[in-house]
Amino acid sequence: MSISNRSTHIRLTSHPEPGAVARHPIRWGAADPKARGPLIGSVTNPADRNVIGAHGGAYSLYRALAISARALNPLARPDLTNTHPTAGIGPHPQWADPHKIVSLDPYGHLVGEAFRDEIAGGIDIRPTIAVTKARLNMPEILAAMGAHRLAPDGTTLRASGDISVTKVAIDPVWHLPGVAARFDVSEKSLRRTLFEQTGGMFPELVTRPDMQVFLPPIGGMTVYIMGEIDALTDEKSRVSCRVHDECNGSDVFGSDICTCRPYLVHGIEECVKEAQKGGAGVIVYNRKEGRALGEVTKFLVYNARKRQEGGDQAATYFERTECVAGVQDARFQQLMPDVLHWLGIRRIDRLMSMSNMKYDAITGSGIEVVERVPIPPELVPPDANVELEAKKAAGYYTPGAKPDKAGLAAVKGRDLERF
Ligand SMILES: [Zn+2]
């Protein structure tokens, strides 16, 4: 156990060999996985590597702990027998456009088959996407059935309240030239900033300009699909979609300061209805806690909001976030549409989101949005009105009038003494 093939010599970085031909070249945007080439993030066979970073995103650090604790053999390789996708996704034309998808590997779920021979030959190639099936059961869905908003159909929704879904886990894979283009910065500048802001965690960002793919140590996303997968790409079928950014406090624990779980569950309800009518529903769940600023920052902001003079109020909602975090939002919706293109979606008939940033990113990437569906007012917890009204004033979609200055000043949240 725990036999490493490493020497005692520590190599801080690798360098491109002048004139050398890459052993495993990556042609990002190629139309099939073989032509594109495998992504190899092996840490046990450095000569094969053609990406910066390690597999597993943020979990590569837990893998390191497991190896340190001698619980995991560093040379262990995944046995991919029977792990292949439960549903066929793609290939879609979008996969062959190097600019359409820059933050995930469109072939990430197919590597077990596409590179079977290479893997059998000892090359450490790992999936970055997994596709499986599941049943969901949420009390709000049972309540919706009790209120006769939803009826079981025996396929998508059962009498028990179980919803049948295809679910997909996706690790981030960044094609650095494409990511830089999305943010309108030079690739060189992006690489240097990533290197510096991670405390020099990935020296190859600055020493290996020939390596263009980075496996960033951040959370990925999960996609829940209701209905037939083919309905996502069939022009005659309808698609309902919610793109949701993680909010653990609300999503899991039902904390009432925001609309996250109510909107998420509303999205699921609408997706079930769409699937029952022969279309498809898609929930994209992005691990971007607290507007990608993290939960510590988020809770600090809550305190700053509740303790400010005049109490928690919609009028100063964004200011308080900016005071603590330096920015109002770090979610980068520029990269978000990639997963929709990966699914082959060209039109979303109903988008359950009021975010102008998400809407602009989706439509700006070439996907048509027919209808935007706001959260029903009865689902908004009273303390969440501060956030919702502030967002409406800042440009969030609302079919009603935007709150004016006096209206915003009147929206107050609960103070810290009343919890
Ligand atoms: Zn929330």
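Student: Where does Pro91 lie?
Tutor: Pro91 is in the loop between helix 2 (60–68) and helix 3 (111–114); helices (H or I, at least four residues) and strands (E, at least two) are DSSP runs, numbered from the N terminus. This is a predicted model, in which local features need pLDDT of at least 70 and side-chain atom pairs count only at pLDDT 80 or more, while totals for chains, interfaces and linings use all residues. Residues are numbered from 1 along each chain as its sequence is written, and side-chain values use heavy atoms, with hydrogens and water left out.

Student: Is the peptide bond from Gly90 to Pro91 cis or trans?
Tutor: As a general idea, most peptide bonds are trans, and most residues other than glycine have a negative phi. The bond from Gly90 to Pro91 is cis, its omega being near 0 degrees.

Student: Which strands make up the open sheet of seven, and in what order?
Tutor: In general, strands of a sheet pair through backbone hydrogen bonds, either parallel or antiparallel. Here two strands count as paired if DSSP finds at least two bridges between them. The order is 2-3-6-8-7-9-10, with mixed pairing. Strand 2 (129–136) and strand 10 (368–372) are the edge strands, each pairing on one side only. From one strand to the next, the twist averages 25 degrees; axes are lines fitted to C-alpha atoms, for helices over the stretch in contact, and angles run from 0 to 180 degrees between N-to-C directions.

Student: Which helix packs on the sheet?
Tutor: Helix 10 (residues 260–276) does, touching strand 3 (163–170), strand 6 (221–227), strand 7, strand 8 (280–286) and strand 9; contact means heavy atoms within 4.5 Å. The direction of helix 10 makes about 160 degrees with that of strand 7.

Student: What handedness has the β-α-β unit of strand 9, helix 15 and strand 10?
Tutor: A crossover is right-handed if, with the strands pointing away from the viewer, the path from the first strand over the helix to the second runs clockwise. The unit of strand 9, helix 15 and strand 10 is right-handed. Its two strands run parallel and are joined by four bridges, with Arg347 standing opposite Glu368 in strand 10.

Student: Which residues of helix 15 are buried?
Tutor: In helix 15 (residues 356–364), they are Asn356, Lys358, Ala361 and Ile362. Their cover includes strand 7, helix 14, strand 9 and strand 10. At the start of helix 15, a side-chain oxygen of Ser355 comes to within 3.2 Å of the backbone nitrogen of Met357. Gly366, with a positive phi near 100 degrees, follows helix 15.

Student: Why does Asp338 count as buried?
Tutor: Asp338 counts as buried because its relative accessibility is 0%. Its place is in helix 14 (residues 338–342). Gln333, in the loop between helix 13 (317–325) and helix 14, is buried at 6% relative accessible area. Its side chain makes a polar contact of 3.0 Å with that of Asp245.

Student: Which protein atoms are donors of the zinc ion?
Tutor: Donors are N, O and S atoms within 2.8 Å of the metal (3.2 Å for Na, K and Ca); water is not among the atoms, so sites may look incomplete. The zinc ion has the SG atoms of Cys247, Cys258 and Cys260, lying 2.1 to 2.2 Å from it. Along the chain the spacing is C-x10-C-x1-C. Cys258 and Cys260 are both buried.

How values were computed. Buried means under 20% relative accessible area, exposed over 50%, partly exposed in between (1.4 Å probe, protein chains only). A polar contact is a pair of N or O atoms within 3.5 Å; within protein, one must be able to donate a hydrogen and the other to accept it, and residues adjacent in sequence count only if both atoms are side-chain atoms.
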